Amino acid sequence: MAFLRRRRRGALRIAAALVLYLPDFLRLLYRLFRDPRVSRFDKALVAAVLAYALTPADLIPDFLAFLGLVDDLYLIGLALNRLLRRAGPVLLLEHWDGTPGTLRLLLDGLDEVGSFVPRPVRRLLRAWVPAE
């Protein structure tokens, strides 16, 4: 139980960092989407996941309060993680306005955002976003 509390606190810290550095992060994403060196598939995957998150049809309905939004956040985290990792450190640092340490924190924490999602649901959602 203590492990889950620590993991959730870590996820909340990452979410807070994402909010704090949201302008830098959005600029990074914008620049990556415009960069022809970034995979079109990865860009399309992020766009598709964002479209899924904005539609009312969900695996876990949004009317279930917090849990209904977590599946969307987890899928977004998976797709962004794939995009950022496959873009590579050179491109990320080229397009990032903040410090490299902050970028590392955000990259390492994208997986933690979905720690509230039950494991079977995480496995199902991971199947929708190819790892590589």
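**An all-helix predicted model built around leucine contacts**

Leucine 28 touches Leu84, Leu92, His95, Trp96 and Leu103, leaving out residues up to four places away in sequence. Touching, or contact, means heavy atoms within 4.5 Å. This is a predicted model: local features need pLDDT of at least 70, side-chain atom pairs count only at pLDDT 80 or more, and totals for chains, interfaces and linings use all residues. Residues are numbered from 1 along each chain as its sequence is written, and side-chain values use heavy atoms, with hydrogens and water left out.

**Overall build**

- The protein chain has seven helices and zero strands. Helices (H or I, at least four residues) and strands (E, at least two) are DSSP runs, numbered from the N terminus.
- From the N terminus on, the order is α-α-α-α-α-α-α.
- Of the 132 residues in the protein chain, 42% are buried. Buried means under 20% relative accessible area, exposed means over 50%, and partly exposed lies in between (1.4 Å probe, protein chains only).
- The accessible surface of the protein chain is about 7900 Å², and carbon and sulfur atoms hold 67% of that surface. The areas come from the Shrake-Rupley method with a 1.4 Å probe; for residues, only the protein chains shown count as cover.
- Take the contacts between residues at least 6 apart in sequence: 74% of them join residues at least 24 apart.

**Confidence**

- The mean pLDDT of the protein chain is 77, and 61% of the residues score at least 70. pLDDT is the predictor's confidence in each residue, from 0 to 100.
- Confidence is lowest in helix α1 (residues 2–20), with a mean of 62. Confidence is highest in α5, at 93.

**The nonpolar core**

- The largest nonpolar core has 24 residues. Such a core is a set of buried Ala, Val, Leu, Ile, Met, Phe, Trp, Tyr and Cys residues joined through side-chain atoms within 4.5 Å.
- Phe25, Leu28, Leu32, Leu80, Leu84 and Leu92 have the most contacts inside this core.
- At least two core residues come from each of α2 (22–34), α3 (40–54), α4 (66–87), α5 (89–95) and α6 (100–109).
- Helix α4 gives the largest share, seven residues.
- Leucine 84 is in contact with Phe25, Leu28, Leu29, Leu32, Leu92, Leu107 and Leu110, leaving aside neighbours within four places in sequence.

- Leucine 28 is found in helix α2. Leucine 28 counts as buried because its relative accessibility is 0%.
- Leucine 28 and leucine 93 are 65 residues apart in sequence, yet 9.2 Å apart in space, C-alpha to C-alpha.
- Histidine 95 lies in helix α5. With a relative accessible area of 11%, histidine 95 is buried.
- Histidine 95 touches Leu28, Arg31, Leu32, Asp35 and Arg37, not counting residues up to four places away in sequence.

**Helix α3**

- Helix α3 has 15 residues and should span 21 Å at 1.5 Å a residue; its end C-alpha atoms are 21 Å apart, which agrees. The expected span is 1.5 Å times one less than the number of residues.
- Serine 39 caps the N-terminal end of α3, with a side-chain oxygen 3.2 Å from the backbone nitrogen of phenylalanine 41.
- Buried residues in α3 are Asp42, Lys43, Leu45, Val46, Val49, Tyr52 and Ala53.

**Aspartate 108**

- Aspartate 108 lies in helix α6. At 42% relative accessibility, aspartate 108 is partly exposed.
- Aspartate 108 and asparagine 81 are 27 residues apart in sequence and 8.9 Å apart in space, C-alpha to C-alpha.

How values were computed
A polar contact is a pair of N or O atoms within 3.5 Å; within protein, one must be able to donate a hydrogen and the other to accept it, and residues adjacent in sequence count only if both atoms are side-chain atoms.
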